[in-house]
Amino acid sequence: MRDQIAKYAGKLLRDRSVVPGRVAIAAQDDAMISEGASDLSRLAADVLSRLSCLGVVAASPSLPFAEFLLRRAAAGAGAIVPLDTETRTFLHDIPIARSEEIAADPARAIAALLSNRKGVIAEGVGIVASGPVTLEQAYIHYSCVFHAAFVKYLLDVLREGFLLPGEEEAFRAFRETFLRPPTSEGLAFRPGPLDDPGEVLAEIRAVGRYTVERGLVDSFFGNISYRVGDTIFISQTAASLDELSGCIDPVPADNRSTTGITASSELLAHRRIYEATGARAILHGHPKFAVAMSMLCEEKNCPIKDCWKDCPNVRMIGDTPVVAGEIGAGGLAVRVPPVIGAPGKAIVYGHGVFAIGRDGFGEAFRSMVEVENRCRADYYRRLDARSGGQSKSE
Amino acid sequence: MSLREQLLVVDLSSGRMRREEIPPDLLRAYLGGRGLGVRLLRERHTLSPYDPAMPVVIAVGPLCGTPAPTSARLSVVSRSPLTGTVYDCSAGGRFAWRLRAAGLFAILIEGKSPRPVVLAVTSAGEELLPAGGLWGKGTGDTVRALSGRGSVAAIGPAGENGVLFSNIMMGEGNAVGRGGLGAVMGVKNLKAVVSDGDLRTPVADRERFDRARADVLRLFRASPVIFGELGIAEYGTPALVDLMRQRRMAPTENFRRTVFEDSSAYSGPAIRAAYGAKKDGCHGCPIQCKKSAADGRHLPEYETVSHFGALNGIADLHAIVRSNDACNDLGMDTISAAATLSAWGEARGRFPSPEEIGPLLHDIAHRRGEGELLAEGSRRVAEALGTPGLSMSVKSLELPAYDPRGAYGMALAYATSNRGGCHLRAYPISHEILRKPVASDRFSFSGKARMIKIAEDANAAVDSLVACKFAFFGASLEEYAELLSGATGDPHTPQGLKEIGERIYLTERFYNARNGFTRAEDDLPARFFTEPGSHGEGIDVPPIDRARFEEELTKYYRIRGLRDDGSFPDDGFLGRQP
């Protein structure tokens, strides 16, 4: 267990979702083990002792967005409801616990919320998340809450502006010092087309790792594949893109074998994209600005309420099409393939980016970087315009 | 919450029947299904399975009758003549839904009828019908004869003749399988139960319920195991054949090997190609994982094809399908039947051929010739032949088609299972093989004691709701707690459900302990600790490390609050339970 605690604490630091020195992880087998910042470590252990779970992560997020969302929420609100796909599908909502609600017994109050949800935002504490089956799950749930809070805060600020003291300064610091523009510089891609399965697996592993290292995907989200003849080599479901060794399934085009039952939930989308485009490589990540901007629709008087799954329109962000569609057996496998061919990239509403490579992964990776940087630029352009408007009115 | 649920008590000895209200506190504490059945056995759990006073409890759960996905199910609970443990089995079809529509939440059947009968229940009342003309008939004929009265749960000749692994078969092809509850019905002279009704089950908070239902369905669509193009909705559970072959954990020739080179003969795609398999399944279930041939014939599940296939060295798909047909009609469990034949085959030095298996299955069901011994299950067969080590069973229940050398959580879960060698109590295949909800290291014991304990508790709650385990390849107790809250109007949480599950699990273990079960029975066949599986393709399948297994088992007991020998620290456990 201690090696797993060290592993996931390290991942949280590397993906820059926690404040260094402000993370703790508790795990219980026949005994409780808790390591990290002493106050958080005690809290994590106390929370875990009240739950039928393997592990708990308690950490101060590296950005104050979750805390701001909590404080911006209406008085009496018990949860925030981000509308990105991961939240809709897996989290449903994120409970919030204000200082006064947890002051008497923080562990008891947080455990009560975690008895019904995967992660909690606790004022003055940070994000606390549980792992019912494995310790990795606690890490994943922390990461999901961090991601959801990030995206929701971007959108809320754009819509409502800064409402709390210190928000604008914190956001400026985030923009000027925290953010690093994603880039493909310094990365080596094998030129395609690739035909040797060993080389394909090695390239998938390398590009998966790049995608995580360059911040284009969090925790175990995203997927990646390469087509050789009638076989699609695709990352397995619930696989972290930076740990794909042994986690890539070869799936024959004619489904003569069902070994690929463990393949990514987006197998069908990958297959349809290959059929529609003739591409060799597909990369799918969840870069945060692209996710946020995909949810910013300016259609007036639109009758559609569940835009994320029901919108039939193709919207454009620059030269990148945005389409709706649920994951897995939902609609994205229908809506992405027809639009991704010419631009080589597409965004799924509230979900993430698909990018293709005609021969190799270099093209796909660069496309994803380009989409995210374009979305960042668009976001700031809108925010600055809004701030400018505010300044004038002020 | 509408907790005024009805229990029908049937005394077959006297023919008296009465409906009574189930105490609401009992439902809050045990939910329904398995939990309720286990609780209703409290005063009689030490009786012999064949004692007329030993009840058979048929119970639905609080989600049955609502549109909650995969919840048109029931549990049947009694004591197993095969294992001697308290025993429950969950089954789908349409019977459970119709039972609730008849205004019943559960039936407790006790006593012994002086002559064969059928119990018929409707929303208008219940009656015992003479069944002399049906006695001796297969389940197919029985179902056809009774289908005008509603949904049928019947035994076949195997149950009538006391085969220790006889099933209760649902008319829709689902089975109350494994532990021989068909024989418990048979000894009571109860040929079948038929249910029909027109009552609707109310939903207390429709908006909350519908929201939770939408969440569940979204998670089903996001799960490759459920709705993926290679998943169980497409191919049924035989979708696992190729995967188990690739993971090198397909039990072959009585677990002597773990790869059967010809398994593609009965894979999901092979069955589809040969039989034009189409979707079929339980009432209202969106997954429809059962598969039927174009002529309506029920096609075999993963366990069945693998055990009548690899375990007996047979690659003839049509022979396997015939074996499945025979077991279903005779009312016998396919896993135990195939595994018993395999143990017998290894003991005599030759596994049965496809041509021999059909007649042998009929001999077992009628206890004729070799069938007289084979009807006792593999443990008794192997002991009688002087080769006790050849029974691949735990607590006398034959192991299903997941070799424990390829998944150490599965190894531990087989050992700790309260009903014997069953994969469904903790179902670690979900995370060790299918990566749901996340993957765990299948060749490591690290953390597995806690994982198995939590999963056993969670699944005890699932079996009491009663929902299908396959739903949890996508959804979780989080969404099902919401469904339950919406259905009943009472607040439920996943943590609360796991605590209920823990109560149920410990109650079962306590009953078993009273019946003489100890740490010695929480063990695997010696073969798994001494012989390797089939190495190859970069995968090493060594024997399980006995010391590490024992260490994890001890951890498991400590996590459960038991002594290191697996016993309860005091005798007062039941007295502290509601």
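This is a predicted model: local features need pLDDT of at least 70, side-chain atom pairs count only at pLDDT 80 or more; totals for chains, interfaces and linings use all residues.

Student: Does G352(A) count as buried or exposed?
Tutor: Residues are numbered from 1 along each chain as its sequence is written, while chains are lettered from A and ligands numbered from 1 in the order in which they are written. A residue is buried if 20 or more other C-beta atoms, placed from the backbone, lie within 10 Å of its own, exposed if 12 or fewer, and partly exposed in between. G352(A) has 29 C-beta neighbours inside 10 Å, and therefore it counts as buried.

Student: Which residues does G352(A) touch, not counting those up to four places away in sequence?
Tutor: G352(A) has its place in strand β15 (residues 352–357) of chain A, where helices (H or I, at least four residues) and strands (E, at least two) are DSSP runs numbered from the N terminus. Two residues are in contact if their C-beta atoms, placed from the backbone, lie within 7 Å. The residues touched are G222(A), H284(A), G285(A), H286(A), A290(A) and V291(A).

Student: In chain A, which helix gives the largest share of the side of domain 1 that touches domain 2?
Tutor: The domain assignment, whose bounds come from an automatic or database source, gives domain 1 (2–178) and domain 2 (197–381) for chain A. Between these domains, 16 residues of domain 1 of chain A are in contact with 14 residues of domain 2 of chain A. On the domain 1 side, α4 (85–91) and α7 (135–160) of chain A each supply at least two residues. The largest share, 9 residues, comes from α7(A).

Student: With which residues is S143(A) in contact, leaving aside its neighbours within four places in sequence?
Tutor: S143(A) sits in helix α7 of chain A, and it is buried, with 24 other C-beta atoms within 10 Å. Although S143(A) and D218(A) are 75 residues apart in sequence, their C-alpha atoms are 6.7 Å apart in space. The contacts of S143(A) are S17(A), D218(A) and S219(A).

Student: What is the phi of A238(A), a residue other than glycine?
Tutor: Most residues other than glycine have a negative phi, and most peptide bonds are trans. A238(A) lies in the loop between β9 (231–235) and β10 (248–252) of chain A, and it is buried, with 23 other C-beta atoms within 10 Å. Its phi is positive, near 60°.

Student: How many residues does α20(B) give to the side of chain B that touches chain A?
Tutor: The contact takes 45 residues from chain B and 38 residues from chain A. Several helices of chain B each supply at least two residues of the chain B side, including α20 (448–465), α21 (477–488) and α22 (494–514). The helix that gives the most is α20(B), with 5 residues.

Student: What is the radius of gyration of chain B?
Tutor: The secondary structure of chain B comes to 24 helices and 16 strands, and its C-alpha atoms fill a box of roughly 60 × 50 × 50 Å along the principal axes. The radius of gyration is taken over C-alpha atoms, and the globule rule is 2.2 Å times the number of residues to the power 0.38. With 578 residues, a compact globule would have a value near 25 Å, which agrees with that of chain B, 22 Å.
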